[in-house]
Protein chains: 2
Amino acid sequence: MTIVTAAILGVIASLVGLGFAYYQRTFVLSQSAGNEKMQQISRAIQRGAQAFLSREYRAVGILVALVAVILVVLSFLTPSMSIWTAVAFVSGASASALAGYFGMYIAVRANVRTTQASSESLNKGLRVAFSSGTVMGSIVVSLSLLGISLLYILFVEAVFGGNATQASSALAGFGFGGTAIALFARVGGGIYTKAADVGADLVGKTEENIPEDDPRNPAVIADNVGDNVGDVAGMGSDLFESYASSIIAAISLAVAGGGIADALEVNAQMFPIMVAAAGIVVSIVASFLVQTKEGATQEMLLGSLRTGVYSASGLVAVAIFLLAALLGLPIEVSVATLAGLLAGVLIGYFTEYFTSGTYKPTQTLAQASAGGPAIVIIRGLALGMMSTLAPVLIVVMATLVASAAAGLYGIAMAAVGMLSTLGITLATDAYGPVADNAGGIAEMAGLPKEVRERTDALDALGNTTAATGKGFAIGSAAMTALALSAAVITALGLNETLTIGEVLLDPRLITGMFIGGLLPFVFSALTMLAVGNAAQGIVQEVRRQFREIKGLREGTAEPDYETCVGISTDSALRQMLLPGIIAVSVPMLLAVLTVLGQGNILGQFVGVKTLVGMLVGSLISAFMLAVMMSNAGGAWDNAKKYIEGGQLGGKGSDSHKAAVVGDTVGDPFKDTSGPSLNILLKLLAIVVLVIAPILRDVTTSTSSATPTDTAITAPAPEATPEATPGN
Amino acid sequence: MTIVTAAILGVIASLVGLGFAYYQRTFVLSQSAGNEKMQQISRAIQRGAQAFLSREYRAVGILVALVAVILVVLSFLTPSMSIWTAVAFVSGASASALAGYFGMYIAVRANVRTTQASSESLNKGLRVAFSSGTVMGSIVVSLSLLGISLLYILFVEAVFGGNATQASSALAGFGFGGTAIALFARVGGGIYTKAADVGADLVGKTEENIPEDDPRNPAVIADNVGDNVGDVAGMGSDLFESYASSIIAAISLAVAGGGIADALEVNAQMFPIMVAAAGIVVSIVASFLVQTKEGATQEMLLGSLRTGVYSASGLVAVAIFLLAALLGLPIEVSVATLAGLLAGVLIGYFTEYFTSGTYKPTQTLAQASAGGPAIVIIRGLALGMMSTLAPVLIVVMATLVASAAAGLYGIAMAAVGMLSTLGITLATDAYGPVADNAGGIAEMAGLPKEVRERTDALDALGNTTAATGKGFAIGSAAMTALALSAAVITALGLNETLTIGEVLLDPRLITGMFIGGLLPFVFSALTMLAVGNAAQGIVQEVRRQFREIKGLREGTAEPDYETCVGISTDSALRQMLLPGIIAVSVPMLLAVLTVLGQGNILGQFVGVKTLVGMLVGSLISAFMLAVMMSNAGGAWDNAKKYIEGGQLGGKGSDSHKAAVVGDTVGDPFKDTSGPSLNILLKLLAIVVLVIAPILRDVTTSTSSATPTDTAITAPAPEATPEATPGN
């Protein structure tokens, strides 16, 4: 077998995945879209989502074109970078954009169909919503693997004449392309969704005293669009990137021999592609297991989703061992991959433990709300901080096992293993916003109470899977970033041998680590403020409409939904500029300074070690902060829901009011800043990976001239050596 | 000159400092303590503080005895550790405890005298309060330098017969002793002060509707005791430790030749002692410059304190250059020391910028309070996160400059330089709680409005210096921890040469970094929860007294202050156990596993690299988190005060209510969890430094047997090497 065999298998699995997505799409679209009122609402959401996506893609198109030009220019300036990196970059961006487009296309059509199906039965509602989720899940993994497989065949066979080092290096561009889309989709989408949500609530619930999802609220459509924009397209692009980058990191480390014998190099490159291929097929099989019966309890609903995810994990575990044996890879490689798979499942479990209202931490948080808003905030922050323990230790254990089993390659394969069942785990995520929208439509269209009850059950389930999904997204981002960092350090070819002290105490490394540790804090501050600023625009527009449109408050006149959607779109894209620019420009700047500092004094202060330190520092700080923010936000949300469920005084009580404060703080935490850190983390690593060949060639050609010895020598004869005291 | 000369100079400067402290003490005690009512209140605070301190010292005494026994046992078990480490440990603990005792002794007597002096004039009030601060400042630096100087003479000259490596290694025990006290004083004191504060407010202000500092509130004395316990004794022990450890790290690195030529080794050991000695003298001189005239504005008051601090900095800068020249050290060493000194001043400035009501960030935060509590929290957290930028970049710049100038030794000297003026900077900190107490006494004793106005002016100034002091404490803790980590890595003697990738991608190092990054989050979660738990006890007791003591509400019966003080003391010491145990036991556990893992499979998962990684990870994460929490807390506090000053609707407005929520969240942030991270940071490093000789000897004797190569080799003939694809 050659690498082409594996890539062809990857293409075949991807095509099967796309076929399945088409089948599910057809199923969803064949369902009834309900009455005229429902269709009208759904069309407004569709238009809004469409509008955001086309605006976003236009903006991201400029960025992609710009970066592509830079990559092309670099490929002419230096022999270290091939023009094919730019090709891979554009392909990755296109594939991710397409996946986002199709996923959202079906989500905004599945919502109203889920509402309609729920008016027939709970099981039917679940099937429609979940099927639309599988479209997103399948398309993300299929387009990602398809792109990697096709490009790798092209690069290895045709372009680079068998030079796997150059081929894998150019392939990194594909992951970078995915990052560009993810930056806009996750950060911009995160700002959009919370700005619309907060804006709608601030005027609607607080000032006008109308319930959530009330059609009189001009921002209600923007709010519903936001769910799709943030949780479908944003989450999808985030995981597209993790998925692609983990496979690329594994290939890259296999080529560089990161812990793998030379004789197995080719098979080690084939393995991640084949595991991913198996994962796609397995996810399809498992998705047929997701169904429930009428009158199912919350536990039964959750159980049916879990059956799907756990079955997929079990099946893929078997596939991992079979494939490794088939490829003649030692069993340790399978152990490493399995460690990652298991870690993903465990992180999901612990995230649920810390954020679900059925467990003690969130219930205790809800009880603390009797002490007022300040106590809720303190307890929630403490809960979020405490909840970092489990995911960090799980990732540490997985890393130790994977690395002991198969070196750096093992770490990358652990990331691939964790993401192998993404087809179905992403389906359970993307299901959430569809169910949420379905409930909103039921409310707006004034459907009978029993329909709303069913959509509420589906929605509550979606909240649980959303929290779990976020934990999984962070864990896999950390694991992927670790694998990417390993690939970066290997690709930089830093072969100078030094003592541990010389490495760790190099001021450039320390500087880099501090900068890397700092970036997530600054980035989070900016994204949190961005939500507030964007929400302000919505608030003003909603107030204006209530003031100027006669009859709006009484329900006799229609609000102007489109303007709110437009404002959300504008301000989300504008507010994401600063954090986005910082995330891209800091590694770029450090890279430029590194190149400029070769052979002169600047090199004593900035160098590749600064870049490497930045990756390490950001990995530590972003992982902690993302888990903390995401879990605190999830727990606040569910503590509020727990009280709304009738506990501790119920809705309207003082406890409830305090819990609402927690929930509002948690909104940007869990839906904007926390998830955005995933992108930051991977972005920093993939930018450096893409330019690693240039940095390697520049630094190795002049490294002998770099002053590294900073020891001070005795200056003059007046300072004569003295005897050691006491001698 | 030999090291003995420097040490003798250190002893002389210390004695001068102690003499100055005695002079200031006599001045303070010679002031009138006011009328009987005032003295009665003051005595209650004195008794409470005394009670806490003796309880705390009894508890810490057990810990110190336990650790001393362990150190003695280790010195018998292994030739790598000397019994003198235990002696140094007990000395350090005793010196820090003594400094805390005297500092607090004078603070709880200066408070009522400040009240009385303020009834005469503002300047007199400032002089009394500031003089009591200088007692604390002088005693901390003098006892610290005295201990180091005497022990180093003893060790170098008598005990180790001129072996500076062994002498400096044993000296590390002195810093460790300081840490043991700091752990109890800073963490326990931090819990005490906020539990009493929150407990008093929750019942007093909220339930009983009586003003702050009202003598009817049974927790009011505990609250006043808390200010002394947390901000005098806690802050003092924290900085005692930084001060001692930075000097020890510099000596240790000078001995180990961290960037210093062998010929200058002895002079490089003398330099930190002499810089510290100069700093003590200079602080005394500068403290006479602190005075103001009657009717001084807030700016003039602040200006007079600044005159003192800046003059001391200027004078010590001159001394640094003169001393380096005298010792024949290259000018680069002075540059490194100066970089640290300047960094300390700059961090103080930026902390004030982010947390003072006179600058934009806090004013914007205050304005945001119109949006309700959730917005205040989001903005405050964002402000805290953003404010990490300046201190981190300042520390990075100082590190780069110091390291480029004089290697690792330069980094340690930067920490020494930053702390050289501690005598006066600590005086401005310790002044704060005295002024705060003075105001409380004026209120409780029902003194005329003009007295309260003067004490309010002194108190407001104290709030500003407290915020600046916290920033300085964090910055110096980070700088000291960096220097200690450098000393640790050097002392471990890890001479194996590896590539950068082999060092950084070692799974043990990665594990350590993640654990180190995690610890501050878990530690902060626990300390925040500890405040809540301890406050609960106070709330119940205060409620009980209002229920059971007839006439208390009407002011005709006396509350039982002592019980509240007792409960605060008990619960603070009990609640600090868990975070304290975690902080001490994690490095210990990793060290034990490291020793156990020599030459067997365990060594693949845990080793000295795990310990080193832990130091690096904790440095990054604790520094960011501490700055964020401390500055967010300071900004919330001052945003509330800004509104109480009559802005934005003033006291009682909705904005004020929202700001109060922020302030309450900020209390444990800025006074418990944030500052406690300083201790965690240094504790982890000093524990490893103390046991470094053992670890070095254990690991170097068996290192050849440790399996480090985890590469996987082709297993069997069936996996025949394949050609690279395309060939």
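Residues are numbered from 1 along each chain as its sequence is written, while chains are lettered from A and ligands numbered from 1 in the order in which they are written. In this predicted model, local features need pLDDT of at least 70, side-chain atom pairs count only at pLDDT 80 or more, and totals for chains, interfaces and linings use all residues.

**View 1. Chain A as a whole.** Chain A holds 20 helices and 1 strand. Helices (H or I, at least four residues) and strands (E, at least two) are DSSP runs, numbered from the N terminus. The C-alpha atoms fill a box of roughly 90 × 65 × 50 Å along the principal axes. Of the 727 residues in chain A, 68% are buried. Buried means that 20 or more other C-beta atoms, placed from the backbone, lie within 10 Å of the residue's own.

**View 2. Confidence and the end of chain A.** Mean pLDDT (the predictor's confidence in each residue, from 0 to 100) is 89 for chain A, and 96% of its residues reach 70 or more. Over residues 703–727 of chain A, pLDDT stays under 50. Where pLDDT is low, the predicted coordinates should not be read in detail. For the complex, the predictor gives an ipTM of 0.92 and a pTM of 0.93.

**View 3. The contact between chains A and B.** Each side is counted by residue: 95 from chain B and 95 from chain A. Two residues are in contact if their C-beta atoms, placed from the backbone, lie within 7 Å. On the chain B side, helix α16 (residues 507–548) gives the largest share, 15 residues.

View 4. Strand β1 (residues 497–499) of chain A pairs with strand β1 (residues 497–499) of chain B, antiparallel, over 3 bridges. Strands pair if DSSP finds at least two bridges between them. A:Thr497 has B:Thr499 as its bridge partner in β1(B).

**View 5. Helix α19 of chain B.** This helix (residues 608–644) has 37 residues. From first C-alpha to last, α19(B) reaches 53 Å, close to the expected 54 Å. The expected span is 1.5 Å times one less than the number of residues. Because 35 of its 37 residues are buried, α19(B) is largely enclosed by the rest of the structure. B:Gly646 follows α19(B), with a positive phi near 110°.

How values were computed. Buried ≥ 20, exposed ≤ 12 C-beta atoms within 10 Å, placed from the backbone.
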